[in-house]
Amino acid sequence: VKVFTNEECFPLSLSQLNILNLERSLAGTSVNNISTTIRINGRLDFTALQQSINRVIESDSSLRTRLVTKNGEMMQYHAPFVKEEFPVYDFSNTSSEGIENWENSVTRELINLEGGALYRFVLFRDSENSGGVLVKMHHIIADGWSQIMLCNKIGETYLELLSGKEPSLDEAPEYSLHIQEEQDYLS
């Protein structure tokens, strides 16, 4: 089984091609955005939250998937990990309705398919002791189940960092292995 190295392009899976076709047929819509909000009540440490997200991204090459068109065909590769600073908003003086409107607005923003990250993380505070992170991903790299797993990893890593423990994140399986197995099966 071939494992593709960082920045080595490989084809989309059949599922990803279906998602891409839906994206193209409903261009200009957010039909393929998958969003959720992780709520944190109590102690809120944005430094630890930033670190937890970065560690999860580092441990999962699928999150670092980038799309590029080569010879007229959409291809993908895993970008090397680069530590990011995610935006932090303070909604302490905003109503819950205002925060919900903001979440809906961010969820509907389009994710550019080519060249950049296929996710967005936005940290926020909504009172002195609560806040969270809005997680938005393109369906081409995630589904509902994988997003639940991602949110659990972020939460577990965050709690480990708060308690002074070194987080233990296993490397996620390479998605390229699935594609190679799919191609082997089809041939």
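This is a predicted model: local features need pLDDT of at least 70, side-chain atom pairs count only at pLDDT 80 or more; totals for chains, interfaces and linings use all residues.
Q: Why is Leu-186 called exposed?
A: Exposed requires over 50% relative accessible area. Leu-186 reaches 54% relative accessibility, and therefore counts as exposed. This residue belongs to helix α5.

Q: What makes the nonpolar surface patch, and which helices supply at least two of its residues?
A: The patch consists of Leu-14, Leu-17, Tyr-185 and Leu-186 and covers about 450 Å². Helices α1 and α5 (175–186) each contribute at least two of the residues. Membership requires over 30% relative accessible area, and Leu-186 has 54%.

Q: How many cavities of 30 Å³ or more does a search of the whole structure find?
A: The search finds one. The largest cavity has a volume of about 30 Å³. Its lining is formed by Glu-23, Thr-29, Ser-30, Val-31, Asn-32, Asn-33, Leu-110, Ile-111 and His-138.

Q: What makes up the lining of the largest cavity by class?
A: Five residues are polar, three are nonpolar and one is charged. Glu counts as charged, and Glu-23 is among the lining residues.

Q: Which residues are closest to the centre of the largest pocket, and how much space lies in it?
A: The largest pocket holds about 560 Å³ of space. Among its 26 lining residues, Ser-62, Ile-141, Ala-142, Ser-146 and Tyr-175 are the closest to the centre. Two or more lining residues come from each of α1 (14–25) and α4 (144–162); α4 gives the largest share, six residues.

Q: What is the class composition of the lining of the largest pocket?
A: The lining comprises 13 nonpolar, nine polar and four charged residues.

How values were computed: Residues are numbered from 1 along each chain as its sequence is written. Side-chain values use heavy atoms; hydrogens and water are left out. On a 1 Å grid over the protein atoms alone, a cavity is a set of points where a 1.4 Å probe fits but cannot get out, and a pocket is an open set with protein on both sides within 12 Å along at least five of seven lines; lining residues have an atom within 4 Å of a point. Grid points are joined across faces, edges and corners, and a volume is the space filled by probe spheres set on the points. Helices (H or I, at least four residues) and strands (E, at least two) are DSSP runs, numbered from the N terminus. Patches are made of residues with over 30% relative accessible area and no salt bridge: like charges are joined within 9 Å, nonpolar side chains (Val, Leu, Ile, Met, Phe, Trp, Tyr) within 5 Å. Accessible areas come from the Shrake-Rupley method with a 1.4 Å probe; for residues, only the protein chains shown count as cover. A salt bridge is a side-chain nitrogen of Lys or Arg within 4 Å of a carboxyl oxygen of Asp or Glu. Buried means under 20% relative accessible area, exposed over 50%, partly exposed in between (1.4 Å probe, protein chains only).
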